[in-house]
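Me: I am new to this structure and would like to know what the terms used for it stand on. Could you take me through a few of them?

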Amino acid sequence: MSRSGTPGGQPGPQRTTDGASAISGPALAYAELTAGNRRFVSGAPRHPNQDAGHRAAVADGQHPFAVIVGCSDSRLAAEIIFDRGLGDLFVVRTAGHTAGPEVLGSVEYAVTVLGTPLVVVLGHDSCGAVQAARESAATGAQPRGHLRAVVDAVLPSLRRAEAEGVDDIDGIVDIHIAQTVETLLEQSPVLAEEVAQGRCAVVGVSYRLSAGAVRPVAAVPAGLATLDVPNASTDPAAAA
């Protein structure tokens with residue numbers, strides 16, 4: 001049986017059939033994520049696929065419906081902000097969602113081995129990695145240790161923002177998200193081929209820390225992020 005709620009009126013984890021294996025294709029995967037984020041923002045999460053029964057069901061294999069290439073910021077927990085559970089999301093996180101070889105390999109594994117149909121680059125406003133890179137570029141001071149690799153990975157986005165006349169931090173963040181989408185496709189012929197064949201899509205979204213909502217910034221193919229999401233099976237309005 002599912003838990004109808006917990007003290008204080010908040011809904012508890014539900015035993016559902018929201019299995020990732022039932023979600024096929026980039027469009028539906030993106031719609032599912034967007035619907036889950038709307039539930040999170042409205043304060044009515046369903047917490048699907050977090051019960052003991054589902055934990056046992058996915059112990060022998062995984063079929064995530066989306067790869068999240070996200071920033072490591074502690075406030076950016078993908079399963080929470082998209083209201084998903086065990087086995088749903090294949091999450092790869094680095095500071096500033098920088099995409100080195102290990103990230104690219106992880107994405108390729110999810111897409112080609114696990115058959116995941118969607119890759120999402122998840123950035124957020126007031127990104128510390130972008131701010132650090134901006135400060136380094138302005139002062140010429142190099143960060144210590146391996147933080148320099150993070151800063152160096154963000155610098156192309158800063159140069160692109162400067163060329164486009166964008167100087168506010170959140171505008172630069174949007175450019176950096178779009179740059180990461182392009183980097184994934186340029187640096188991974190494997191991913192680019194999956195997208196070209198229509199088996200996968202790549203979307204960049206920006207998360208607002210205070211509001212909790214995500215909005216699309218870039219997408220390949222371009223039309224994916226303009227989807228009308230109420231048809232998603234996990235959206236409460238669609239189930240009404």
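Reply: Gladly, starting with residue classes: Ala, Val, Leu, Ile, Met, Phe, Trp, Tyr, Cys and Pro count as nonpolar, Asp, Glu, Lys and Arg as charged, and the others, Gly among them, as polar. By these classes the largest pocket is lined by three nonpolar, nine polar and no charged residues. Please keep in mind that this is a predicted model, where local features need pLDDT of at least 70, side-chain atom pairs count only at pLDDT 80 or more, and totals for chains, interfaces and linings use all residues. Residues are numbered from 1 along each chain as its sequence is written, and side-chain values use heavy atoms, with hydrogens and water left out.

Me: What makes a residue part of the lining of the largest pocket?

Reply: A pocket is an open set of points on a 1 Å grid over the protein atoms alone, where a 1.4 Å probe fits, with protein on both sides within 12 Å along at least five of seven lines; a lining residue has an atom within 4 Å of a point. Among the residues that line the largest pocket are H97, L104, S157 and H176. Helices (DSSP runs of H or I, at least four residues) are numbered from the N terminus, and α7 gives the largest share of this lining, five residues.

Me: How do you know that E182 and R160 form a salt bridge?

Reply: A salt bridge is a side-chain nitrogen of Lys or Arg within 4 Å of a carboxyl oxygen of Asp or Glu. For E182 and R160 the closest N and O atoms are 3.1 Å apart, so the pair meets that limit. E182 lies in helix α7 and R160 in helix α6, so their pairing ties together parts that are 22 residues apart in sequence.

Me: Why is D174 called buried?

Reply: Buried means under 20% relative accessible area, exposed over 50%, and partly exposed in between (1.4 Å probe, protein chains only). D174 has 19%, so the residue counts as buried. R215 has 33% and is therefore partly exposed.

Me: What makes D174 and R215 a salt bridge?

Reply: Their N to O distance is 2.9 Å, so the pair qualifies. D174 lies in helix α7 and R215 in strand β5 (strands are DSSP runs of E, at least two residues), so this bridge ties together parts that are 41 residues apart in sequence.

Me: How many salt bridges does the structure hold?

Reply: The structure holds eleven.
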